[in-house]
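Open the model in your viewer and have the selection tool ready. The stops below go through strand pairing and then helix packing.

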Amino acid sequence: MALIGLVRVSTDKQRTERQHDALNAVGCIRIFEEKTSGKLAVDDRPGLAAALDYMRPDDMLCVQEVDRLGRNLLEGLIVLNDLFQHGIAVKVLEGIATGEHTERSLILDLALALSEDRRRDIVRKTKNGLDSARARGRVGGRRPVVDDDKRAAILSRRANGQSMRTIAAGVGVSVGVVHKTLNAAVPEQPAGD
């Protein structure tokens with residue numbers, strides 16, 4: 001029996017060291033990592049798919065918490081069913097489902113349901129915070145890349161016939177930013193009678 005680890009975070013900016021440390025401490029011989037949403041299907045999760053391809057019957061997939069398997073109840077249950085049907089056990093190191101599992105159980109199902117509920121709660125709180133800030137006149141998100149000087153340079157260069165790629169390189173922004181700036185600068189056409 002081989003102990004195989006799975007590390008998952010949702011974004012490139014999140015760190016994985018804590019999960020790697022926990023999985024290394026229990027003796028995982030190989031650890032697969034992915035930086036993608038846990039709400040996606042298995043086919044859209046390259047780290048999980050690679051781990052599943054690598055594992056053989058009687059192996060054990062180890063995760064720090066059950067929500068590393070998925071934050072969507074249905075997808076998490078599909079992952080568990082696939083593992084158990086292939087004779088692969090699951091080891092959870094932390095949380096209410098801590099322990100080794102060779103078949104589905106109420107505690108695993110409940111842990112996945114709670115993970116989905118936590119994710120929904122995070123999304124709701126983020127939306128409420130953004131709505132509250134907008135009501136006070138504050139806008140969240142990144143600061144605009146294009147200030148007045150860059151906007152004028154983009155428009156001037158385009159008026160001189162430069163391509164979007166040339167403008168982007170010259171002004172120091174992406175082609176997408178140039179495109180967006182040019183589209184925003186096009187005056188609206190009056191509606192026909």
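Select Leu6 and look across to β2: the bridge partner of Leu6 there is Phe32. This is a predicted model. Now widen the selection to strand β1, residues 3-9, and strand β2, residues 30-35; the two run parallel and are joined by 6 bridges.

Next, show helix α3 (residues 73-85) together with helix α4 (residues 106-135). Their axes lie 9 Å apart, and the helices pack at an angle of about 150°. The crossing of α3 and α4 is right-handed. For the contact itself, display side chains on Leu73, Gly76, Leu77, Leu80 and Phe84 in α3, which meet Leu108, Asp109, Leu112, Ala113 and Glu116 in α4. Coloured by class, the contact of α3 with α4 shows 7 nonpolar, 1 polar and 2 charged residues.

For the last stop, select helix α5 (residues 148-159) and helix α7 (residues 175-185). How are α5 and α7 oriented to each other? The angle between them is about 85°, with the axes 10 Å apart, and α5 and α7 are therefore roughly perpendicular to each other. On the α5 side, pick Arg151, Ile154, Leu155 and Arg158; on the α7 side, pick Val178, Thr181, Leu182 and Ala185, and you have the residues that make the contact. The residues of the contact of α5 with α7 comprise 5 nonpolar, 1 polar and 2 charged.

Conventions
Residues are numbered from 1 along each chain as its sequence is written. This is a predicted model: local features need pLDDT of at least 70, side-chain atom pairs count only at pLDDT 80 or more; totals for chains, interfaces and linings use all residues. Side-chain values use heavy atoms; hydrogens and water are left out. Axes are lines fitted to C-alpha atoms, for helices over the stretch in contact, and angles run from 0 to 180 degrees between N-to-C directions. Helices (H or I, at least four residues) and strands (E, at least two) are DSSP runs, numbered from the N terminus. Angles under 35 degrees count as roughly parallel, over 145 as roughly antiparallel, 65 to 115 as roughly perpendicular and the rest as oblique. Contact means heavy atoms within 4.5 Å. Ala, Val, Leu, Ile, Met, Phe, Trp, Tyr, Cys and Pro count as nonpolar, Asp, Glu, Lys and Arg as charged, and the others, Gly among them, as polar. Two strands pair if DSSP finds at least two bridges between them. A crossing is left-handed if the near helix is turned anticlockwise from the far one by less than a right angle, and right-handed if clockwise.
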